[in-house]
Amino acid sequence: MKKLLLPVYTKKNEPYAIYKYYILFDIGQRLEFKSKRKAEDYVRKISSYITDSIRVINTVQKEVYSLYLEQYFKMPSNYCNKIRLVIDEYLERLKYFHSYQSTGDACIKFISVYSLLNIVQDACKLLRRSMKSLKDYNTVSRLNGYLSILSVIYDKLSKLKKGNINTIYKESTLTIIHKKEAIKSMT
């Protein structure tokens, strides 16, 4: 299965550092941890969230492409060309969030997620502008919904990069240790 794998780095030049382990998101932007185990746990959670987010982005991209094809004959040629160029770029960029580039490629992987978000957002905005000019407000409303989904993903990623693990949406199950049976009364 394709997913984002961020490596956990160790500060080799600072052997006595309190926060010895870190995850690199972008040049100069990293999240530091005291223990390797905590860093690896965080990487697993953020990787899971990002992979699920890419699936949502793929779904939105599919819907935007479908709307583009539905509205193609109504739209002016200049909008058709602009939207097609943006939409076509999506498939070219999709492989970068999970593929191996080189040692230290965490920045490329994480930035590619934002790149995918930007591409879908740009396509939505261009299509929305075209639909507004055609006064097709039902489609505009649909595109506004897609844009709000994308903004939620942006916000969650921003919080995750700052170390806010509370944004993870998956529930954990509780195990029952002891179950007390109800006593039936004899009346």
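This is a predicted model: local features need pLDDT of at least 70, side-chain atom pairs count only at pLDDT 80 or more; totals for chains, interfaces and linings use all residues.
**Stop 1: the core**

Start with the largest nonpolar core, which has 46 residues. Select Val64 and Leu157; these have the most contacts inside the core. Now colour by element. Two strands, S2 (21–26) and S3 (29–33), each give two or more residues to this core. So do four helices: H1 (36–71), H2 (77–94), H3 (106–133) and H4 (137–161).

Stay on leucine 157 and show its surroundings. Leaving aside residues up to four places away in sequence, leucine 157 touches Tyr49, Ile50, Phe110, Val113, Tyr114 and Leu117.

**Stop 2: helix H2**

Select H2, with its 18 residues. From first C-alpha to last, H2 reaches 27 Å, close to the 26 Å expected at 1.5 Å a residue. Which residues of H2 are buried? Show Tyr79, Cys80, Ile83, Val86, Ile87 and Tyr90. They lie on the same side of H2, because they cover an arc of only 140° around the axis. Then turn to the other side of H2, where Ser77, Leu85 and Glu92 are exposed.

**Stop 3: salt bridges**

The structure holds seven salt bridges. Visit three of them here.

Select lysine 11 and glutamate 32. Their side chains meet in a salt bridge at 3.0 Å, N to O. This pair links distant parts of the chain, 21 residues apart: lysine 11 sits in the loop between strand S1 (8–10) and S2, glutamate 32 in strand S3. Is lysine 11 buried or exposed? Lysine 11 is buried, as its relative accessible area is 12%, under the 20% cut-off. Glutamate 32 is partly exposed at 31%.

Next, go to helix H1 and pick arginine 37 and aspartate 41. The two side chains form a salt bridge of 3.2 Å, N to O. The residues are four apart in the helix, so about one helical turn separates them. Aspartate 41 is partly exposed, with a relative accessible area of 26%, whereas arginine 37 counts as exposed at 56%.

Now select glutamate 63 and arginine 142. The closest N and O atoms of this salt bridge are 3.4 Å apart. Glutamate 63 lies in helix H1 and arginine 142 in helix H4, 79 residues apart, so the pair links distant parts of the chain. Both ends are partly exposed: glutamate 63 at 24% relative accessibility, arginine 142 at 35%.

Conventions: Residues are numbered from 1 along each chain as its sequence is written. Side-chain values use heavy atoms; hydrogens and water are left out. A nonpolar core is a set of buried Ala, Val, Leu, Ile, Met, Phe, Trp, Tyr and Cys residues joined through side-chain atoms within 4.5 Å. Buried means under 20% relative accessible area, exposed over 50%, partly exposed in between (1.4 Å probe, protein chains only). Contact means heavy atoms within 4.5 Å. The expected span of a helix is 1.5 Å times one less than its number of residues. The arc is that of the directions from the helix axis to the C-beta atoms. A salt bridge is a side-chain nitrogen of Lys or Arg within 4 Å of a carboxyl oxygen of Asp or Glu.
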